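I opened this notebook to record what I looked up in the structure shown below. The entries follow the order in which I took up each topic.

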Amino acid sequence: MAEDGEEKLLATVQHIVQTLGRTDTMTEDILKVFSNYDGRLSLDKLYATRAAAAAAAVGGATGERSVPASPPMPPPPVAPSAAAAMPPVTSLERTVRTLDRQISQFVTMDRLIWADSADADAFLEAVDDLVGTVQELDAAGTNRGLLDRADELLSRCMARLEDEFRALIERPDDAAPQVPGGFGSDDSEEDYDADDGFGDEPIPIARPVSDFDIVIDALPPGSVSDVHQIARRMVDAGFGRECAEAYAAARRGFIDESVARLGIRSRTADEVHSLPWEELEFDIARWIPAFKMVFRILIPSERRLCDRVFEGLAPYGDLAFVAAVRTQALQLISFGDAVAAASRAPERLFRVIDMYEAVRDLLPDLDPVFSDPYSAALRAEVSAVCNTLGSSIKGIFMELENLIRRDPARVAVPGGGIHPITRYVMNYLRAACGSRQTLEEVMEGDLGAVGTAAIAVDPDRPTSSLAVHIAWIMDVLHKNLETKSKIYRDPPLASIFLMNNGKYIIHKVNDSELGVLLGDEWMKQMMSRVRRWSMEYQRGAWAKVISVLQTGGPGVGSITAKSMLQKMQMFNSYMEEICTVQSDWVIADEQLRADVKSAIVDSVMPAYRGLIGRLRSSPEAARDLFIKYTPEDVQARIQHLFEGVAK
């Protein structure tokens, strides 16, 4: 009875199939539905029953007999049933149809497949089966229509995998890492701008970073494993490039936001060149820590994440990495290029040095990050901007020379004091030598830039490129000061001017790395110049005073009492003139001022005391002798000289 029941069930199913199965696909789907509904309705039994029914239909049509009395007639043509005309279904066809039904359930979901780990595992298993089936069909090459159908199904799978891939990477709770002082932020109020009253969301502000030895884990380990599984399937299916592009698109938003939090604004080269220096300096001050942050933390962390997501899937990890970081990396690099190509005004030197050092110091650390052929171009761009900034530093030094040459000799400094150009240049060079190692580095090999014929380099003088550049600048400054000294109509005041500026230069050289660079021989030459200018002052200002005090020795050639009285009157006149004219003159350096006064006293006072002594010893002159200035008065007036502006 059980067998009869099963036969009736199979016959009923077969009747339904014949009635409804108008196409091969519909027939196959109906058979699959019944096989899933009842264990007795296995596909093997259903196919066997279907084949038997087709044979019976053909046999019945040819086996009927006519009435014996009638002559035999040929049987009428019997149209074969749909089942008999349908070609047998292969196992690959059944596999593709099964996979189509399974995968369609997943790709039409209105939620993330990876929200349920069981669904994710089942979907990946179906994808693996489909990839294997496509490969098998492609190798066979006998059923192009089925291969096209499988490829279309595979494309649907890849599109859904790409969506899942991006969603896992872009998930907000996983894509906002906590970085000390960097891209992440905690919930403390200090990390946000105050409410401005317009209802805007608070903006997280990045805090300063001093420790760059950290790594951002942008995704938790579980998510990394999930996206790696997806990436492996996409690569196996021949969609590796699409996977890399999806990764880059998903990560680029995080990178853009991270850089934006550092306060970096995108500017064109023209905008950089037209900015006022104060505003550009502010941008540079932000650029330096941002550059370090991006190239020391963000990009290496992105490389680490790419290596984990695309582990064993080269070169797609390298492609994804470059595509993700390239835009922001080039934005930072282009700003450095724009600054290097901008105005080379001397005041920009120190910020350009800071930029150069920031780039130079991280170059060795970039080698393992940009080690693949696809990112090597980025490494070359960073190296190129470093060289460009170095060239800018050289150009700024040349501009300093031009600035000195162009400084006009129009207005004399009151009292022969220190000229502003001297203060500017010496303080500038002194500050620049705080970065001596960097300057030596960028100047190295550039000895001929200033012309070896123009500078006599002594064997005992430092001959590094930087030393030669600075010596050249000092020579230019010296010539400029000599030109300016000619503005003074009074030659002794011109000597005072040169003395003041020369002594100031010596002081600044002794008090910095300039002394090491310029060397002892240069220092000796400069001190010799100051002594020469001092002697020129004394001769120009006091020669006539000393001359008028000369009385000759006793005996032959001695002057008369009247002549000595006249000399005394002339001395008084000269002394008053000198004190009046030089009352505003200044010697800024205290030691130099004391030395010059001492030299004047040594030259004037013995002769003045000798004249007074001769007058007092002469009976003829003693009657009319009037001493307006005692030796003590003269010495006191000399001691009050050169206070001028410095007083």
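Is Phe335 buried or exposed? I found Phe335 buried, because its relative accessible area is 8%, where buried means under 20%, exposed over 50% and partly exposed in between, with a 1.4 Å probe and protein chains only.

Before going on, I noted that this is a predicted model, in which local features need pLDDT of at least 70, side-chain atom pairs count only at pLDDT 80 or more, and totals for chains, interfaces and linings use all residues. Residues are numbered from 1 along each chain as its sequence is written, and side-chain values use heavy atoms, with hydrogens and water left out.

**Aromatic rings and charges**

I placed Phe335 in helix α12; helices (H or I, at least four residues) are DSSP runs numbered from the N terminus. I counted 14 aromatic pairs, taking rings of Phe, Tyr and Trp (its six-membered ring) as paired if their centres lie within 6.5 Å.

I then looked for charges over rings (NZ of Lys or CZ of Arg within 6 Å of the ring centre and within 35 degrees of the ring normal). Arg303 lies over the face of Phe321, 4.2 Å from the ring centre. Lys544 has its charged end over the ring of Tyr574, at 4.8 Å from the centre.

**Backbone**

I recorded that most residues other than glycine have a negative phi, and most peptide bonds are trans. The bond between Ala314 and Pro315 is cis, with omega about 5 degrees, and Pro315 sits in the loop between α11 (277–309) and α12 (316–341). Phe642 is not a glycine, yet has a positive phi of about 65 degrees. I located Phe642 in the segment after α23 (631–639), and it counts as buried because its relative accessibility is 0%.

**Single residues**

I found Trp585 in the loop between α20 (561–581) and α21. Trp585 is buried, at 5% relative accessible area, and its C-alpha is 7.5 Å from that of Leu641, 56 residues apart in sequence.

Glu440, in helix α16 (residues 436–443), counts as buried at 16% relative accessibility. Its side chain makes a polar contact of 3.2 Å with the side chain of Ser464; I took such a contact as a pair of N or O atoms within 3.5 Å, where one must be able to donate a hydrogen and the other to accept it, and residues adjacent in sequence count only if both atoms are side-chain atoms.

Lys486, in the loop between α17 (465–485) and α18, is exposed, with a relative accessible area of 65%. I read 8.6 Å between the C-alpha atoms of Lys486 and Ala409, 77 residues apart along the chain.

**Second largest pocket**

I defined a pocket on a 1 Å grid over the protein atoms alone, as an open set of points where a 1.4 Å probe fits, with protein on both sides within 12 Å along at least five of seven lines; lining residues have an atom within 4 Å of a point. The second largest pocket holds about 220 Å³ of space. Its lining has 13 residues, with Val530, Arg531, Ser534, Leu592 and Asp595 nearest the centre. Helix α19 gives the largest share, six residues.

How values were computed:
Points joined across faces, edges and corners; volume = space filled by probe spheres on them. Helix = DSSP H or I, 4+ residues; strand = E, 2+ residues; numbered from the N terminus. Phe/Tyr/Trp six-rings, centres within 6.5 Å; stacked < 30°, edge-to-face > 60°.
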